Amino acid sequence: MSELLLPDGRKLPLDRALIMGVLNVTPDSFSDGGLFLRTEDAVRRAEEMAQEGADIIDIGGESSRPGAEPVPLEEELRRVIPVVREVAQRLSVPISVDTYKAEVARRALEEGASIVNDISALRFDPDMAEVVARRRAPVVLMHMKGTPRDMQRNPYYEDVLGEVEGFLKERKEAAVGMGIPEENIILDPGIGFGKRVQDNLQLLKNLDRLVALGSPVLVGTSRKSFIGAVLDLPVEERLEGTLATLVLAVAKGAKILRVHDVRPAVRVVRMAEAVLRA
Ligand code: HH2
């Protein structure tokens, strides 16, 4: 698979890894909560990330940090839709919408979003698959054990790699069964979603096994707590740890990297790819 076809006919080539910039329009995200709640601040941040080289802007209105409470539909729409609308009007960078709610995805796609990033892999809202299929939008299917509220309560795996691999395979088949073309599917191990530190490290080390499932793989390690655990550093000091994971993810074949710090990610990934191609 060498490109993603967006609903408006544009193509996103996957011959190099894409940098997906995170834009959380939330009061409570674990690293940037409250910074971009006002539409104008969010749009400014999107512009900045586009200038820094983001290939995709991922806009989300509900934190999925461990213990987070679900956000009501109306509130999520109120946060996300004006930002999607403005960013789509002002910038040409493709937008993904980080939501598991079909109605948020549907409205965002209407307003110019191109990709649906569903951390539940189409499991939390029975209408999501149809929304994605009808718009022919690429969709991210992510592994998560439990829900954000309970996922970090004693997560346990006999074989984390086998379990995540089996889950992603099953969700991909389910998505295809619900009318989503296989070439629109992106898979994600769900770093930090119901996983212990060792589980996250194992998944990254063996990412090539997930790449072998044949779909583009997205990885979201940015500033996450397993980096804090390894380096004993707070969330605002996890950039270098994040960058290390990006290099390794690219070396293992990841095609989309979801990050808060776009500029350093772009540089590090371009450099790593130059070496990998030499
Ligand atoms: N991680 C987060 C949110 N969405 N989506 C995908 N596909 N993969 C991820 O790893 C992923 C994701 C969590 O990070 P962040 O958005 O920074 O925090 P919060 O959930 O607190 O808003």
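**Cavity and ligand site**

Mentor: Let's start with the largest cavity, which has a volume of about 50 Å³. Keep in mind that this is a predicted model.

Trainee: How does one find empty space in the first place?

Mentor: Rolling a probe the size of a water molecule over the atoms shows where empty space is left. Here the count comes to one cavity of 30 Å³ or more.

Trainee: Which residues line the largest cavity?

Mentor: Look for Glu 62, Ser 64, Asp 98, Thr 99, Tyr 100 and Ile 119. By type, that lining splits into two nonpolar, two polar and two charged residues.

Trainee: Which residues come nearest to the ligand?

Mentor: There are 19 residues around it, and Ser 29, Ser 63, Ser 64, Asp 188 and His 260 come nearest. The shell has seven nonpolar, seven polar and five charged residues.

Trainee: And how do I read the polar contacts?

Mentor: Check the distances between N or O atoms, with 3.5 Å as the cut-off. The side chain of Ser 29 has an N or O atom 2.5 Å from a ligand oxygen, and a polar side-chain atom of His 260 is 2.7 Å from a ligand oxygen. With Arg 65, a backbone N or O atom lies 3.5 Å from an oxygen of the ligand.

Trainee: How much of the ligand's accessible area does the protein cover?

Mentor: The protein covers 98% of the 480 Å² that the ligand has on its own.

Notes
Residues are numbered from 1 along each chain as its sequence is written. This is a predicted model: local features need pLDDT of at least 70, side-chain atom pairs count only at pLDDT 80 or more; totals for chains, interfaces and linings use all residues. Side-chain values use heavy atoms; hydrogens and water are left out. A residue is near a molecule or strand if one of its heavy atoms lies within 4 Å of it. A polar contact is a pair of N or O atoms within 3.5 Å; within protein, one must be able to donate a hydrogen and the other to accept it, and residues adjacent in sequence count only if both atoms are side-chain atoms. Accessible areas come from the Shrake-Rupley method with a 1.4 Å probe; for residues, only the protein chains shown count as cover. Ala, Val, Leu, Ile, Met, Phe, Trp, Tyr, Cys and Pro count as nonpolar, Asp, Glu, Lys and Arg as charged, and the others, Gly among them, as polar. On a 1 Å grid over the protein atoms alone, a cavity is a set of points where a 1.4 Å probe fits but cannot get out, and a pocket is an open set with protein on both sides within 12 Å along at least five of seven lines; lining residues have an atom within 4 Å of a point. Grid points are joined across faces, edges and corners, and a volume is the space filled by probe spheres set on the points.
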